[in-house]
Amino acid sequence: NSNRVLSFIHNDNSGAPLLVLGATGGSTAGSNTIIGSSGKFGFLSFQGADGSQLVEGAKITGEVDGTPGSDDMPGRLVFSTTADGAATTTERLRITAAGNVSIQNDSGKFTAGAGDDLLLYHDGSQSYIAGDDIRITNKAVSETMAKFLANGAVELNHNDSKKLETTSTGVTVTGDVNSTSDINLKKDIEVVTSATEMLNQLRGV
């Protein structure tokens, strides 16, 4: 009940235990035939007994992620889990050769918080940032740039000072509202042929 696999190195150097899972494109021992672009380096499979057999509950796969070449081996890690009621794993997350962390399905979500309070996801057509109190701040989290509250206000700040807020009846603006005249935004423009005459008809009050 307490089986373990342990590996230790006792020395004063920088060496450490190493586990290697490797693959080639060859079919004989000692072959160094280049692995294919869809090849897999190895698996770590996590399994549990269901009463009659071992069933895989989670898996980490090392895969080729590009075209290998001499001293060039692009790779990715794929993390898979088995859903409740299922017996086979489904990919949930991958780390690509480009360094991207990706959820490769439209039902998966990145969540944060003890109650999954923040969700980031794409449902196949729309992208979402979901939460009941979302704030956009600077890197030091010392200045709020925008605030989004469920069933409440949306606030936009300048230099940590609120300048615009939505309310149940409209919008409240603090400060000046400036607008510019742009010919690209106008239509039905006509040239005035007697501008001087029209100016002479103006009467000041």
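Tutor: Start with a rule: two strands pair if DSSP finds at least two bridges between them. Strands themselves are DSSP runs of E, at least two residues long, while helices are runs of H or I with at least four, and both are numbered from the N terminus. This is a predicted model, with residues numbered from 1 along each chain as its sequence is written. Local features need pLDDT of at least 70, side-chain atom pairs count only at pLDDT 80 or more, totals for chains, interfaces and linings use all residues, and side-chain values use heavy atoms, leaving out hydrogens and water.

Student: How do I read a sheet, and what is the strand order in the open sheet of three strands?

Tutor: Strands of a sheet pair through backbone hydrogen bonds, either parallel or antiparallel. Here the order is S6-S7-S8, and the pairing is antiparallel. Strand S6 (110–112) and strand S8 (127–130) are the edges, each pairing on one side only. On average, neighbouring strands are turned by 5° against each other, direction ignored. That angle compares axes, which are lines fitted to C-alpha atoms (for helices, over the stretch in contact); angles run from 0 to 180 degrees between N-to-C directions.

Student: Over how many bridges do S6 and S7 pair?

Tutor: Three, in the antiparallel sense, with strand S7 covering residues 118–122. Look at threonine 111: its bridge partner in S7 is leucine 119.

Student: How do I read an aromatic pair, and which residues form the one here?

Tutor: A pair of aromatic rings is described by the distance of the centres and the angle of the planes. Rings of Phe, Tyr and Trp (its six-membered ring) pair if their centres lie within 6.5 Å; planes under 30 degrees apart are stacked, over 60 edge-to-face, and the rest tilted. The structure holds one such pair. Tyrosine 121 and tyrosine 128 are stacked, 5.0 Å centre to centre with 15° between the planes.

Student: Why does tyrosine 121 count as partly exposed?

Tutor: Buried means under 20% relative accessible area, exposed over 50%, and partly exposed in between (1.4 Å probe, protein chains only). Tyrosine 121 counts as partly exposed because its relative accessibility is 22%. Tyrosine 128 is partly exposed too, at 34%.

Student: What sits over the ring of tyrosine 121?

Tutor: The charged end of lysine 109, 4.7 Å from the ring centre. The rule asks for NZ of Lys or CZ of Arg within 6 Å of the ring centre and within 35 degrees of the ring normal.

Student: How many salt bridges does the structure hold?

Tutor: Seven. Each needs a side-chain nitrogen of Lys or Arg within 4 Å of a carboxyl oxygen of Asp or Glu. One of them joins glutamate 63 and arginine 76, with the closest N and O atoms 2.7 Å apart. This pair links distant parts of the chain, 13 residues apart: glutamate 63 is in strand S2 (residues 54–64), arginine 76 in strand S3.

Student: Are glutamate 63 and arginine 76 buried or exposed?

Tutor: Both are buried. Now take arginine 135 and aspartate 133, which meet at 3.0 Å, N to O. Arginine 135 is partly exposed at 45%, and aspartate 133 is partly exposed at 43%.

Student: Which residues do salt bridges with shared partners join into one network?

Tutor: First see lysine 162 and glutamate 165, which meet at 2.9 Å, N to O. Shared partners join Lys147, Glu155, Lys162 and Glu165 into one network.

Student: Where does threonine 88 lie?

Tutor: In the loop between strand S3 (75–82) and strand S4 (89–95). Threonine 88 counts as exposed because its relative accessibility is 57%. Not counting residues up to four places away in sequence, threonine 88 touches Thr81 and Thr82; contact means heavy atoms within 4.5 Å.
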